[in-house]
Amino acid sequence: MKFSNTYACLDEVFFEKNRPTPVLDPQLFLWNSSLAEQLMIPNELKHDSVALAQAFSGNHILPGSEPIATAYAGHQFGHFAHQLGDGRAHLLGEVFDQFGQRWDIQLKGSGRTSFSRGGDGRCAVGPAVREFIMSEAMKALGVPTTRCLAVVTTGEPVFRETPLPGAIVTRVASSHLRIGTFQFFAARGDHQALKTLCDYTIERHYPELQEEGPNPYVLFVDKVIERLIRLVVEWMRVGFIHGVMNTDNTSLSGETIDYGPCAMMGSYDPQTVYSSIDTLGRYAFGNQPEIAQWNIARFAECLLPLINADTNKAIDQVGPIITEFPDRFRKVYMEMMGKKLGLTSFQQEDQKLLFSVLDRLKERSIDYTITFDLLTKSLMSEVATSQMKNELKECFDRWQKRINEQQATSQEVQELMRQHNPVVIPRNHHLEAVIQECEQTGKVTLAEKFIQVLRSPYEELAQTSQYQDPPSDGDEDYQTFCGT
Ligand code: AMP
Ligand code: MG
């Protein structure tokens, strides 16, 4: 692998040079061969599982890699922590893929760093498998996300409530720049570092802003908003609940990052929360847009001194685009929901139809994914039609009438709906069963079968039907954990 290390070339305030702590007995557990192809992992490495386990546990540092732990701060559940940073992760460097795109290669669970505080720097196999499966599912669903190249078991236990088998996950991201990275320097009043960080981020993710003269910072916030809106709208489309939308888990590239306590919503309810630590429901499904706005406001605050030396003037300049966020979000969200309903163009009055469908789902605890899948099928199937008529009652008739009034053919509507409505999602109960099997037996058979189905979320394969059922208990007692 050919590493470049542009982040490690920045000033040392941005990171600490730190090598992974070797592990006892690294074994390759999950391997993402299509991502390996894309990243052009050399053949001699790709076909040698011992060498892969050595490399992606951090026991062997690949030539050209300069491992670092990056510095960041962040608001966690609304409270500012001025120093977080990679406490259990090492950025090995960056590589280019076959399309010329640059990716960060990061090990997570690879040992302590100076950012570890009380933590052990390690990760258990369960959360590593969760991140691998969920990110692969999200990628296939078309949601922007970081990826996983590998999960390597360490042969060492990690001690949580009970001893668990340890693992290291290799995360591939278009970068690990987060809102928290900017907050780290803003909180220290280090404007020079902030400016360097902005220049670096703009070059990496928003190169079009380089043409914007010496003060592109308001536009920078605007561009980040655009990506974040797209991301959260996509989460809402598939029923994804991130679970820990802290500013340190909000990526500047607009990718889903950090799959710790995430979950999928089954029956539709904006208040759905599964994270055991989110007792107030701050990161509930339906709060995600508002939290995105809150996070972006924290980002804009960091940039104020760069926008204008006069803070009041800076606020006047950037404030309006923060205030506009809800309207902007709503527009993209409505268009997306319109497509889920098969509407080629979403009109103002379609909101009523949409809300009445969603209200019905909420009132009767009806499954979100199954409903939109059946609505799609109802265009061709009488069975699905009568099922939906039964579930949605007069909402269904209104929907049918609206669909039939459109210019589009039934096939066009069906295609549009199919593109926006998955037939299968990584349901919590199936994911948990797979994780448990990995933990208890050390076998990946079930995980691989599940991943294969999740890689075709818009198409029913022979085995898809095994994973479409909603949980028998409605996920009533389901809880997720940060997994740290
Ligand atoms: P997360 O909940 O994964 O977003 O992590 C929040 C912060 O806690 C980050 O600074 C992590 O590096 C740190 N952290 C989480 N787990 C551990 C661990 N096992 N050892 C050291 N630091 C950790
Ligand atoms: Mg994190």
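The shell around ligand 1 holds two nonpolar, eight polar and eight charged residues. Here Asp, Glu, Lys and Arg count as charged, Ala, Val, Leu, Ile, Met, Phe, Trp, Tyr, Cys and Pro as nonpolar, and the others, Gly among them, as polar. This is a predicted model: local features need pLDDT of at least 70, side-chain atom pairs count only at pLDDT 80 or more, and totals for chains, interfaces and linings use all residues. Residues are numbered from 1 along each chain as its sequence is written, and side-chain values use heavy atoms, without hydrogens and water.

**Ligand 1**
- Of the 18 residues around ligand 1 (a heavy atom within 4 Å), G85, G87, D120, G121 and D258 come nearest.
- Domain 1 (7–175) and domain 2 (180–332) both supply shell residues, so ligand 1 lies between them. The domain bounds come from an automatic or database assignment.
- A side-chain N or O atom of D120 is 3.0 Å from a nitrogen atom of ligand 1.
- For N249, a side-chain N or O atom is 3.2 Å from an oxygen atom of ligand 1.

**Positive phi**
- Most residues other than glycine have a negative phi.
- R117 has a positive phi, near 45°, and is exposed at 56% relative accessible area.
- S365 has a positive phi, near 50°, and is exposed at 52%.

Note on methods: Chains are lettered from A and ligands numbered from 1 in the order in which they are written. A polar contact is a pair of N or O atoms within 3.5 Å; within protein, one must be able to donate a hydrogen and the other to accept it, and residues adjacent in sequence count only if both atoms are side-chain atoms. Buried means under 20% relative accessible area, exposed over 50%, partly exposed in between (1.4 Å probe, protein chains only).
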